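Hello,

Here is the structure I promised to pass on. My notes on what turned up follow below it.

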Amino acid sequence: MNTLVAPSVLAADFANLQHEIEMINSSTADWIHIDIMDGVFVPNISIGLPVAEAIKRHAKKPMDVHLMIVQPEKYVEDFVKAGASSISVHVEACPHLHRNIQQLKSLGVKAGVAINPHTPVSFLSEVIAEIDLVCLMSVNPGFGGQKFIERTYAKIKELKELMTRHHSSALIEIDGGVNQENAPRLIEAGANVLVAGNFVFSSSNPKEVIQRLKDMK
Ligand code: DX5
Ligand code: ZN
């Protein structure tokens with residue numbers, strides 16, 4: 001399958017969101033990645049529901065919501081109403097992860113699970129057959145613009161082995177520090193979705209950067 005590219009709005013100019021979303025609309029990006037942070041699960045606060053709703057009013061691409069929050073079950077229905085197509089909750093934030101996944105599926109969105117760099121992929125073994133998306137964090141969540149963690153390549157391989165054992169067809173999404181140098185190797189290792197924040201938005205030609213990621217094999 002072709003690699004999907006999901007620009008992360010966290011790195012966009014929040015004072016010019018409409019302009020940034022229109023740039024994504026007119027680009028070859030596949031999804032729009034939205035990072036929700038609560039200042040509890042991660043040491044940062046980003047945006048919440050009203051901004052996600054406002055983005056959706058302009059967005060023509062599926063909205064991929066990454067919830068870096070505790071007790072996501074309280075909010076997922078609202079994010080579905082706000083127009084999310086896929087939602088990822090963190091395994092580290094969900095003592096009842098199976099229930100969270102059932103909730104996402106019952107709401108008709110792609111059910112995603114995100115895992116932090118220190119969390120082994122084996123923590124997903126009991127749910128991997130149920131989920132549509134694994135968001136492998138390649139930085140510690142909370143901030144954009146961090147350095148890519150090299151161990152991610154090996155984790156993709158481990159995740160693929162786990163998926164084969166459990167007959168899972170989940171998409172593998174890589175989130176954090178994705179750039180021109182690591183993207184080809186990530187795709188070769190088995191990544192299906194590349195999230196890119198700073199790499200896209202710090203460029204003077206973001207649409208060209210998105211296309212360059214799309215062209216990588
Ligand atoms: C980090 C977020 C990422 C972030 C990626 O907590 O989950 O989605 O925006 O940004 P870059 O690509 O700049 O690392
Ligand atoms: Zn993210």
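Asp35 and His66 are both buried, where buried means under 20% relative accessible area, exposed over 50% and partly exposed in between (1.4 Å probe, protein chains only). Before going further: this is a predicted model, in which local features need pLDDT of at least 70 and side-chain atom pairs count only at pLDDT 80 or more, while totals for chains, interfaces and linings use all residues. Residues are numbered from 1 along each chain as its sequence is written, chains are lettered from A and ligands numbered from 1 in the order in which they are written, and side-chain values use heavy atoms, with hydrogens and water left out.

Which residues hold the zinc ion (ligand 2)? Its protein donors are His33 (NE2), Asp35 (OD), His66 (ND1) and Asp175 (OD), at 2.0 to 2.3 Å. Donors here are N, O and S atoms within 2.8 Å of the metal (3.2 Å for Na, K and Ca); water is not among the atoms, so sites may look incomplete. Six donor atoms subtend angles of 71 to 170 degrees around this zinc ion, so the arrangement is octahedral (six donors, opposite ones over 155 degrees apart and all others between 65 and 115). Asp35 belongs to strand 2 (residues 32-37) and His66 to strand 3 (residues 63-68), so this pair ties together parts 31 residues apart in sequence. Strands are DSSP runs of E with at least two residues, and helices are runs of H or I with at least four, numbered from the N terminus.

Eight strands make up an open sheet in the order 1-8-7-6-5-4-3-2, with parallel pairing; two strands pair if DSSP finds at least two bridges between them. Its edges are strand 1 (4-7) and strand 2, each pairing on one side only. Strand 7 (residues 171-175) and strand 8 (residues 193-196) run parallel and are joined by three bridges, and Ile174 stands opposite Leu194 in strand 8.

There is also one aromatic pair. Phe148 and Tyr153 form it, 5.4 Å centre to centre with 55 degrees between the planes, and it is tilted (centres of Phe, Tyr or Trp rings, the six-membered one for Trp, within 6.5 Å; planes under 30 degrees apart are stacked, over 60 edge-to-face, the rest tilted). Phe148 counts as buried because its relative accessibility is 7%, and Tyr153 counts as buried at 10%. Arg185 lies over the face of Tyr153, 3.8 Å from the ring centre (CZ of Arg or NZ of Lys within 6 Å of the centre and within 35 degrees of the ring normal).

Best wishes

Notes: Four donors count as tetrahedral if all angles lie between 85 and 135 degrees; four count as square planar and six as octahedral if opposite donors are over 155 degrees apart and all others between 65 and 115; anything else is irregular.
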